[in-house]
Amino acid sequence: MSDDSAVAITVLSKTVWSPTLFSFTTTRPEGFRFEAGQFVRLGMAASELAANADQPKPAITARIFRAYSVASSPYDEVLEFFSVVVPDGAFTSQLQHLQVGDKLYLNPTPFGFLTLSRYQEPVPKTLWLLATGTGLAPFLSILQDLYVWEKYQDIVLVYSARTTQELAYQEKINNLADEFGSLVENAACFHYLPIVTREKVAGCLSERIPKLIDDDELTKATGVALDDTAHVMLCGNPQMVEDTKEALKAQGLTMNRRGVGNIAVENYW
Ligand code: NAP
């Protein structure tokens with residue numbers, strides 16, 4: 001579906017996590033469906049983008065679009081998105097000034113295969129979700145879907161940020177098991193491993209994810225095996241995704257193809 005079919009959505013709330021990270025919720029158009037882990041295309045009117053620039057507004061309002069993973073659950077009444085401010089980025093440098101009540105556009109065709117349905121059943125015991133930065137977003141959606149709590153025995157979320165301030169959504173992550181796991185019988189055991197790479201933080205790992213895999217530190221920290229029986233999803237910095245794929249392959253894990261294999265990936269840039 002082209003972006004011409006985009007529908008208007010309204011900003012309902014905004015959270016600023018750090019000078020370069022923010023999230024926001026919007027209205028959800030009636031009938032809009034997506035699977036946890038998918039992304040959509042969000043648009044802004046180009047006339048608004050030009051509003052602060054030294055040029056006249058275009059007579060016909062064009063829109064520019066960018067891909068965003070949905071951070072909210074498929075069952076939420078609202079949609080939520082998590083964004084970084086890209087330096088000199090035409091889209092996010094304006095998007096960061098969003099206010100409650102502002103209008104955005106949603107292309108109602110969801111994209112992407114970082115979804116649990118890509119894996120053939122029966123699923124293994126363990127699901128690893130490895131994120132850097134705003135790559136956390138699709139995993140927040142997946143972790144708010146009861147399916148994941150029912151299907152796996154252990155779920156490990158690994159979330160790497162440069163500083164403690166850039167570790168967003170900590171309260172929400174720490175409440176996930178209570179809020180969602182408690183709703184199903186024999187819910188998965190949830191393990192959360194925050195990583196801060198540019199500050200020393202007591203009780204927090206500080207190396208990059210591929211190194212932690214090479215050194216078996218993720219398993220030592222959680223007691224959960226990261227082996228060729230596990231499902232592993234990666235999302236975030238494209239170089240992290242590449243380096244982590246290689247680290248996992250060195251441990252005998254394989255890319256998931258046609259439902260078979262361990263690793264599923266999405267670059268979040
Ligand atoms: P980031 O640089 O991706 O860092 C987030 C975490 O990922 C940090 O812990 C970082 O560790 C780690 N990391 C980076 N490269 C890695 C690798 N190869 N392997 C393993 N871990 C790795 O931070 P960010 O805040 O999300 O983004 C940083 C910059 O990227 C921003 O300036 C932003 O503008 C840009 N960006 C652009 C887009 C886009 O759409 N164009 C999207 C997201 C971000 P270290 O501290 O060791 O680096």
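Is R258 buried or exposed? At 80% relative accessibility, R258 counts as exposed; here, exposed means over 50% relative accessible area, buried means under 20%, and partly exposed is in between (1.4 Å probe, protein chains only).

## About the model

This is a predicted model, in which local features need pLDDT of at least 70 and side-chain atom pairs count only at pLDDT 80 or more, while totals for chains, interfaces and linings use all residues. Residues are numbered from 1 along each chain as its sequence is written, and side-chain values use heavy atoms, with hydrogens and water left out.

## Around the ligand

Let's start with the ligand. Around it are 19 residues, and P87, S160, T197, R198 and R208 come nearest; a residue is near a molecule if one of its heavy atoms lies within 4 Å of it. T197 places a polar side-chain atom 2.6 Å from an oxygen atom of the ligand, and a polar side-chain atom of R198 also lies 2.6 Å from a ligand oxygen. From M240, a backbone N or O atom lies 3.3 Å from a nitrogen atom of the ligand. The cut-off for a polar contact is a pair of N or O atoms within 3.5 Å.

Taken alone, the ligand exposes 870 Å², and the protein buries 82% of that; these areas come from the Shrake-Rupley method with a 1.4 Å probe. Two or more residues of the shell come from each of β8 (154-161) and α8 (238-250), and α8 gives the most, with three residues. Helices (H or I, at least four residues) and strands (E, at least two) are DSSP runs, numbered from the N terminus. By class, the shell has nine nonpolar, six polar and four charged residues. In this count, Ala, Val, Leu, Ile, Met, Phe, Trp, Tyr, Cys and Pro are nonpolar, Asp, Glu, Lys and Arg are charged, and the others, Gly among them, are polar.

## Backbone details in the loops

Most residues other than glycine have a negative phi, and most peptide bonds are trans. With that in mind, here are some places to look at in the model. The peptide bond from E121 to P122 is cis, with omega near -5°, and P122 lies in the loop between β6 (103-111) and β7 (126-132).

N186 is not a glycine, yet it has a positive phi of about 50°. The loop between α5 (170-179) and β9 (189-196) holds N186, which is exposed, with a relative accessible area of 72%. R258, from the opening question, has a positive phi near 50° too, and sits in the loop between α8 and β11 (263-267).

## Aromatic rings

The structure holds nine aromatic pairs. Rings of Phe, Tyr and Trp (its six-membered ring) pair if their centres lie within 6.5 Å; planes under 30 degrees apart count as stacked, over 60 as edge-to-face and the rest as tilted. F22 and F24 form a stacked pair, 6.1 Å centre to centre with 25° between the planes. F22 is buried, with a relative accessible area of 2%, and F24 counts as buried at 1%. Ring pairs link F22, F24, Y68, F81 and F91 into a cluster.

Why is the pair of F39 and F111 stacked? Their ring centres are 5.8 Å apart and their planes are at 20°, so the pair is stacked. F39 lies in strand β3 (residues 39-45) and F111 in strand β6, so the pair ties together parts that are 72 residues apart in sequence. F111 is partly exposed, with a relative accessible area of 29%.

## Charges over rings

K14 lies over the face of F22, at 5.7 Å from the ring centre. The charged end of R63 sits over the ring of Y105, 3.6 Å from its centre. A charge sits over a ring if NZ of Lys or CZ of Arg is within 6 Å of the ring centre and within 35 degrees of the ring normal.

How values were computed. Polar contact = N/O pair within 3.5 Å; in protein donor to acceptor, adjacent residues only side chain to side chain.
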